[in-house]
Amino acid sequence: MEDEMFEQLMYVLNQLVTWIAAGAMVFGGVVPYIPQYRDIRRTQNAEGFSTYVCLVLLVANILRILFRFGRYFETPLLWQSIVMIATMLIMLNLCTNVRVATELQTKRRSFTATDSKDEEIKVPKKFFLDFDWSHFWSWSRFVDYLQCVVAFTLLAAYVTYLLLDSSVFVESLGFLAVFTEAMLGTPQLYCNYQNKSTEGMSIKMVMMWTSGDTFKTGYFLLTEAPVQFWTCGLLQVGVDIAILFQVYYYSRYPQKPVSHTVSHTTSTKAL
């Protein structure tokens, strides 16, 4: 009798730990962006956050979802991608609204044709077919970002559908998805190297990256996720550790001061 109760208790505890771990996987990745979202709303200033973070995460998670059609992986990882995509779209919406509101002479740039309101301010229409790459991911309307994401998703889904029977393509797709996400910290690493300083970068942010990426990589290993996941997870942890080393090095051995303002890539993933 006692043995049966003990087994039931262990089963319940095991299920509880599993649910907690899955919940951490699904929502843990968006936690660093909550303070950033609140800070942008409070200050009505989005200059400290690079929207290219959203671009990279959107591409990575869309590719990851498509990868699941070719090779199954844990359901929490699928929900993690869905939640992250929704989060990045929310961040883009906020940043776009704030930037348009604060820039009195914003130059309207569209992914597709502009509307009648654009004609009132005498801004030339920009269509999808005469797309200006110099304005890529710098549009003035959230709907343009949304259109771009939908177009990329449809194109990637179509290619995936055609090549789904190719194991080489499927494995490459999975690697590209996680590799893109793993490289998210490299702009920060390079920016610190250029400036010879980590000034303007949140150390708490990097600590959250490191702890989250370490947990995520451990989860990949324990659940026997596809090799692409834990390999790039280890790479992501390595980038985080390299940034922490920069914090130590530049504080211990200060370089000559940087005269220019730290570029907006400094706040890639910034809190």
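User: At what angle do the axes of helix H3 and helix H7 cross?
Analyst: Roughly 155°, and the axes of H3 (residues 52–70) and H7 (residues 167–182) come within 8 Å. An axis here is a line fitted to C-alpha atoms, for helices over the stretch in contact, and angles run from 0 to 180 degrees between N-to-C directions.

User: Are H3 and H7 roughly parallel or antiparallel to each other?
Analyst: Roughly antiparallel, therefore, is the label for H3 and H7. The cut-offs are under 35 degrees for roughly parallel, over 145 for roughly antiparallel, 65 to 115 for roughly perpendicular, and oblique for the rest.

User: Is the crossing of H3 past H7 left-handed or right-handed?
Analyst: H3 passes H7 in a left-handed crossing. On the H3 side the contact involves Val-56, Leu-57, Ala-60, Leu-63, Arg-64, Leu-66, Phe-67 and Gly-70. H7 brings Val-170, Glu-171, Leu-173, Gly-174, Leu-176, Ala-177, Val-178, Thr-180 and Glu-181. By type, the residues of this H3 contact with H7 are eleven nonpolar, three polar and three charged.

User: Can you spell out those terms?
Analyst: Left-handed says that the near helix is turned anticlockwise from the far one by less than a right angle, and right-handed says clockwise. Contact means heavy atoms within 4.5 Å. Ala, Val, Leu, Ile, Met, Phe, Trp, Tyr, Cys and Pro count as nonpolar, Asp, Glu, Lys and Arg as charged, and the others, Gly among them, as polar.

User: Where does this model come from, and what are the ground rules?
Analyst: It is a predicted model, where local features need pLDDT of at least 70 and side-chain atom pairs count only at pLDDT 80 or more, while totals for chains, interfaces and linings use all residues. Residues are numbered from 1 along each chain as its sequence is written, and side-chain values use heavy atoms, with hydrogens and water left out.

User: Okay, big picture then. How many helices and strands are in the protein chain?
Analyst: Ten helices and zero strands. These are DSSP runs numbered from the N terminus: helices are H or I with at least four residues, strands are E with at least two.

User: How much of the chain do buried residues make up?
Analyst: They make up 40% of the 271 residues. Buried means under 20% relative accessible area, exposed over 50%, and partly exposed in between, with a 1.4 Å probe and protein chains only. On contacts, taking those between residues at least 6 apart in sequence, 77% join residues at least 24 apart.

User: Back to H7. At what angle do H7 and helix H10 pack?
Analyst: About 20°, with the axes of H7 and H10 (residues 227–252) 9 Å apart. H7 and H10 are therefore roughly parallel, and H7 passes H10 in a right-handed crossing. Glu-171, Gly-174, Phe-175, Val-178, Phe-179, Glu-181 and Ala-182 of H7 meet Gln-228, Phe-229, Cys-232, Leu-235, Gln-236 and Val-239 of H10. Sorted by type, the residues of the contact of H7 with H10 give eight nonpolar, three polar and two charged.

User: Which side chain has a polar contact with Ser-81?
Analyst: That of Asn-61, at 3.1 Å. A polar contact is a pair of N or O atoms within 3.5 Å; within protein, one must be able to donate a hydrogen and the other to accept it, and residues adjacent in sequence count only if both atoms are side-chain atoms. Ser-81 is in helix H4 (residues 75–102) and is buried at 0% relative accessible area. Leaving out residues up to four places away in sequence, Ser-81 touches Asn-61, Arg-64 and Ile-65.

User: Last one: is Thr-217 buried or exposed?
Analyst: Thr-217, in helix H9 (residues 203–222), counts as buried at 5% relative accessibility. Beyond residues up to four places away in sequence, Thr-217 touches Trp-230, Gly-233, Leu-234 and Val-237.
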